[in-house]
Amino acid sequence: MDELTPEQARAALDTVERSRRKVIDEIDVPRWYWAGLATGWLALGVIADLHHPLVTTLVTLAFGAAHSSIAPRVVNGRHRNSQMSVHADIAGPRLAVWVLGSLVALVGVTIAAALILNADDARHPVTGAAVLAAVMLVLGGPLLLAAARRRAVRTGAAS
């Protein structure tokens, strides 16, 4: 077996690092997830403003059930597309916690915004708050994943 020169070793390590960064670039949640979540959030806001508590409750439960069946497959950042799956060690074990934690925080933002709009006598306070939440989802979701990718580059995992 031939000895590697320092240049060959450096070149091999550079190739490994480039490949690692290509895999890290694949850490993402599909765009349809953020758009679907935003659409559902908007629909819930509109329905809540119709003042039919039973309908609001049923739609909220249906939305929650749908999200809980979809989210575990996509919020871990490992399945940006169907051609490739990022290994859990690279995507990071806490990425799903970041995503779901941000959704819980967004619920709080939505409630606060709806209460503020209601206190200001807005005609459709929940819809207004849902619009804010939907914009935050569509813009903020990809930003959250970009931060996770930056962290993965620095630490070796997106956690």
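User: Is the crossing of α2 and α5 right-handed or left-handed?

Analyst: Right-handed, and a crossing gets that name if the near helix is turned clockwise from the far one by less than a right angle, left-handed if anticlockwise. Helices here are DSSP runs of H or I with at least four residues, numbered from the N terminus. Bear in mind that this is a predicted model: local features need pLDDT of at least 70, side-chain atom pairs count only at pLDDT 80 or more, and totals for chains, interfaces and linings use all residues. Residues are numbered from 1 along each chain as its sequence is written, and side-chain values use heavy atoms, with hydrogens and water left out.

User: Ok, and at what angle do α2 and α5 cross?

Analyst: Roughly 25°, with the axes of α2 (residues 31-48) and α5 (residues 95-119) coming within 13 Å. Axes are lines fitted to C-alpha atoms over the stretch in contact, and angles run from 0 to 180 degrees between N-to-C directions. That makes α2 roughly parallel to α5 (angles under 35 degrees count as roughly parallel, over 145 as roughly antiparallel).

User: Which residues make that contact?

Analyst: Y33, W34, L37 and W41 from α2, with V99, L103, L106, V107 and T110 from α5; contact means heavy atoms within 4.5 Å. They split into 8 nonpolar, 1 polar and no charged (Ala, Val, Leu, Ile, Met, Phe, Trp, Tyr, Cys and Pro are nonpolar, Asp, Glu, Lys and Arg charged, the others, Gly among them, polar).

User: How do α2 and α3 pack?

Analyst: At about 170°, axes 10 Å apart, so α2 is roughly antiparallel to α3. Among the residues that meet are W41 and L44 in α2 and F63 and H67 in α3.

User: Switching topic: how much space is in the largest pocket?

Analyst: About 440 Å³, counted as the space filled by probe spheres set on grid points joined across faces, edges and corners. A pocket is an open set of points on a 1 Å grid over the protein atoms alone, where a 1.4 Å probe fits, with protein on both sides within 12 Å along at least five of seven lines; lining residues have an atom within 4 Å of a point.

User: What lines the largest pocket?

Analyst: 20 residues, with W41, L44, V107, T110 and I111 nearest its centre. The largest share, 8 residues, comes from α5.

Conventions
Helix = DSSP H or I, 4+ residues; strand = E, 2+ residues; numbered from the N terminus. Parallel < 35°, antiparallel > 145°, perpendicular 65-115°, else oblique.
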